[in-house]
Amino acid sequence: MYGVAELQKQLVEYTSSLFQEGFLDDQFNQLQQLQDESNPDFVVEVVTLFFEDAERLLNELAKALGQENIDFKRVDALVHQLKGSSSSIGAQRVQRVCIAFRNYCEEKTLKDGAAAFCRRRFSF
């Protein structure tokens, strides 16, 4: 069984790899600095809320993109929300995908085939 020190070492190594692979940015470090003895689970709570919100947004996005007549304003609003929340916790890769998705769909909204492309493009 792992001791606390070993688990902490694994956490540091895993977090470091997330930075190296571009999943996280400095905003995550700033989030960690807000955690203190009075709120030792702050980061876990914030990240958990992010995942819950992201799941809801992705489900709504899938539903919106599954419609025959896609409401691109609605799609854009959902992706904008996901971009904002991912930015606030330092989820850099999610944020970048959201930016690319919004830019492409904005350019292609009026062109044929845009909906199908956006459905394929927006996958993590």
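Glutamate 60 has a relative accessible area of 24%, so it counts as partly exposed (20% to 50%; buried is under 20% and exposed over 50%, with a 1.4 Å probe and protein chains only). This is a predicted model, where local features need pLDDT of at least 70 and side-chain atom pairs count only at pLDDT 80 or more, while totals for chains, interfaces and linings use all residues. Residues are numbered from 1 along each chain as its sequence is written, and side-chain values use heavy atoms, leaving out hydrogens and water.

**View 1. Glutamate 60 meets arginine 74.** Their side chains form a salt bridge at 2.5 Å, N to O (a side-chain nitrogen of Lys or Arg within 4 Å of a carboxyl oxygen of Asp or Glu). This pair links distant parts of the chain: arginine 74 sits in helix H4 (residues 72-89) and glutamate 60 in helix H3, 14 residues apart. Helices here are DSSP runs of H or I with at least four residues, numbered from the N terminus. Arginine 74 is partly exposed too, at 38%.

**View 2. Arginine 56 pairs with glutamate 60.** Here the closest N and O atoms are 2.8 Å apart. Both residues lie in helix H3, four residues apart, or about one turn.

**View 3. Arginine 56 also pairs with aspartate 53.** This salt bridge spans 2.6 Å, N to O. The two residues are three apart in helix H3 (residues 42-65). Arginine 56 is partly exposed at 36%, and so is aspartate 53 at 23%.
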